[in-house]
Amino acid sequence: MSYNKILLASHGTQGACAAEVAALNLCQTNLVHLIVIPDFWQGMMGDDWLNNAITQVDYGDYLEAELKQEVDINIQRVSAAAAERNINYNLELLQGKPAECLLKVANSNSFDLIVIGSTRPKSQTGLNSRMDCKKLLANLSIPLLIIPNV
């Protein structure tokens with residue numbers, strides 16, 4: 001099976017990387033890579049444990065730089081893999097709730113398939129997915145492929 005236009009929701013975790021591989025293997029021509037910066041990062045300043053305004057600003061700058069670096073690495077990895085396969089790559093970078101952002105992008109384009117990774121198994125360490133799959137399933141009219149986290 002192959003698809004002309006795929007929406008890939010990925011943010012660089014192990015499960016998301018599995019979704020990237022699957023999306024690239026299934027895609028023929030156009031891949032839209034959605035990266036969502038969850039809204040819980042907004043305003044993260046460490047003010048609950050940092051007691052000085054300058055330190056809070058420095059911490060906020062550090063956190064923002066770290067997030068930017070992670071996003072840049074993810075973009076470079078997926079765009080390079082798409083280029084190797086002669087797949088057109090486009091990026092959608094949004095901030096908010098992951099399911100709401102995915103639905104917004106999905107409803108504004110005509111995709112053949114949406115690909116996401118499954119949630120992280122409890123036995124593995126790392127960030128836990130904030131994707132509301134129930135909300136996705138209730139509101140999508142496009143096929144959704146959830147790739148197991150291996």
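1. Helix α3 (residues 98-107) lies across β1, β2, β3 and β4, and runs at about 135° to β3. Helices (H or I, at least four residues) and strands (E, at least two) are DSSP runs, numbered from the N terminus. Angles run from 0 to 180 degrees between N-to-C directions, the axes being lines fitted to C-alpha atoms, for helices over the stretch in contact; contact means heavy atoms within 4.5 Å.

2. The model is predicted: local features need pLDDT of at least 70 and side-chain atom pairs count only at pLDDT 80 or more, while totals for chains, interfaces and linings use all residues. Residues are numbered from 1 along each chain as its sequence is written, and side-chain values use heavy atoms, without hydrogens and water.

3. The open sheet has 5 strands with parallel pairing, in the order β3-β2-β1-β4-β5. Because β3 and β5 (144-147) stand at the edges with a single partner strand each, one side of each has no neighbour in the sheet. Neighbouring strands are turned by 20° against each other on average, direction ignored. Two strands pair if DSSP finds at least two bridges between them.

4. Strand β4 (residues 113-117) pairs with β5 in the parallel sense over 4 bridges. In this pairing, I114 stands opposite L144 in β5.

5. Helix α1 (residues 14-26) lies across β1 (3-9), β2 (27-38), β4 and β5, and its direction is at about 160° to β2.

6. N86 belongs to the loop between α2 (53-84) and β3 (88-96). Although not a glycine, N86 has a positive phi of about 60°. Most residues other than glycine have a negative phi.
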